[in-house]
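My notes follow in the order I looked things up.

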Amino acid sequence: MDMGRLPQRAAPMPELQTELSQLRAALPTYHIVITSHSPSYRFEATRHRLDGPGPWCVVSTDPADLWRELAS
């Protein structure tokens, strides 16, 4: 293995990409991404403005957590 190169990670599954798109459309005041952390992927939502309502950041492997915490 070439120690100067990091191993390539596979792209998130299509259903995760769909969930990401739906979250972004429903929560425009948040920056939402999928990050890869061994052994799985995480959804990370960060509010665009520090002084806005609701949590500033939510991180979870389950997108239902973002819906529950941010879409209320």
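**Entry 1: a salt bridge at arginine 42**

Which residue forms a salt bridge with arginine 42, and how far apart are the closest N and O atoms? I found glutamate 44 as the partner, with the closest N and O atoms 3.2 Å apart. Before going on, I noted that this is a predicted model, and every number below was computed from it.

I checked how open arginine 42 is: it has a relative accessible area of 29%, so I put it down as partly exposed. Across the strands, threonine 35 stands opposite arginine 42 in E2.

Then I turned to glutamate 44, which lies in strand E2. Its side chain makes a polar contact of 3.1 Å with the side chain of threonine 35. Another polar contact, of 3.2 Å, joins the side chains of glutamate 44 and arginine 42. Leaving aside neighbours within four places in sequence, I listed the contacts of glutamate 44 as His31, Ile32, Val33, Thr35, His37, Val58 and Val59.

**Entry 2: the other salt bridge**

How many salt bridges does the structure hold? I got two. Besides the pair above, arginine 68 forms one with aspartate 65, and here the closest N and O atoms are 2.1 Å apart. Both residues lie in helix H2, three residues apart, which is about one turn of the helix.

Arginine 68 is exposed, with a relative accessible area of 51%; the cut-off is over 50%. Aspartate 65 is partly exposed at 21%, where buried would need under 20%.

**Entry 3: a glutamate without a partner**

Is glutamate 19 buried or exposed, and which side chain of opposite charge is nearest? I found glutamate 19 buried, with no salt bridge. The nearest side chain of opposite charge belongs to arginine 68, 11 Å away. Glutamate 19 lies in helix H1, residues 14-26. Not counting residues up to four places away in sequence, it touches Phe43, Pro63 and Trp67.

**Entry 4: the overall layout**

I stepped back to the whole chain. It has two helices and three strands, and from the N terminus on the elements run α-β-β-β-α. Of its 72 residues, 28% count as buried.

**Entry 5: the strands**

How do the strands pair? E1 and E2 are antiparallel, over eight bridges. E2 and E3 are antiparallel too, over four bridges. I picked out two bridge partners in E3: valine 58 for alanine 45, and serine 60 for phenylalanine 43.

Which residues of E3 are on its covered face, and which on the uncovered one? I have Val58 and Ser60 on the covered face, and Cys57 and Val59 on the uncovered one. In a regular strand the side chains alternate between the two faces of the sheet.

**Entry 6: helix H2 and its buried face**

Next came H2, residues 63-70, where Pro63, Leu66 and Leu70 are buried. Seen down the axis of H2, these buried residues fall within an arc of 50°, so they line one face of the helix. What do they pack against? I found H1 and the strands E1 (30-37), E2 (40-47) and E3 (57-60).

At the N-terminal end of H2, I noted a cap by aspartate 62. A side-chain oxygen of aspartate 62 lies 3.0 Å from the backbone nitrogen of alanine 64.

**Entry 7: leucine 66**

I finished on leucine 66, in helix H2. Why does leucine 66 count as buried? Its relative accessibility is 0%, and the cut-off for buried is under 20%.

Setting aside neighbours within four places in sequence, leucine 66 is in contact with Leu23, Ile32, Phe43, Ala45, Val58, Ser60 and Ala71.

Note on methods:
Residues are numbered from 1 along each chain as its sequence is written. This is a predicted model: local features need pLDDT of at least 70, side-chain atom pairs count only at pLDDT 80 or more; totals for chains, interfaces and linings use all residues. Side-chain values use heavy atoms; hydrogens and water are left out. Buried means under 20% relative accessible area, exposed over 50%, partly exposed in between (1.4 Å probe, protein chains only). Lys and Arg count as positive and Asp and Glu as negative; His and the chain ends are not counted. A salt bridge is a side-chain nitrogen of Lys or Arg within 4 Å of a carboxyl oxygen of Asp or Glu. Contact means heavy atoms within 4.5 Å. The arc is that of the directions from the helix axis to the C-beta atoms. A polar contact is a pair of N or O atoms within 3.5 Å; within protein, one must be able to donate a hydrogen and the other to accept it, and residues adjacent in sequence count only if both atoms are side-chain atoms. Two strands pair if DSSP finds at least two bridges between them.
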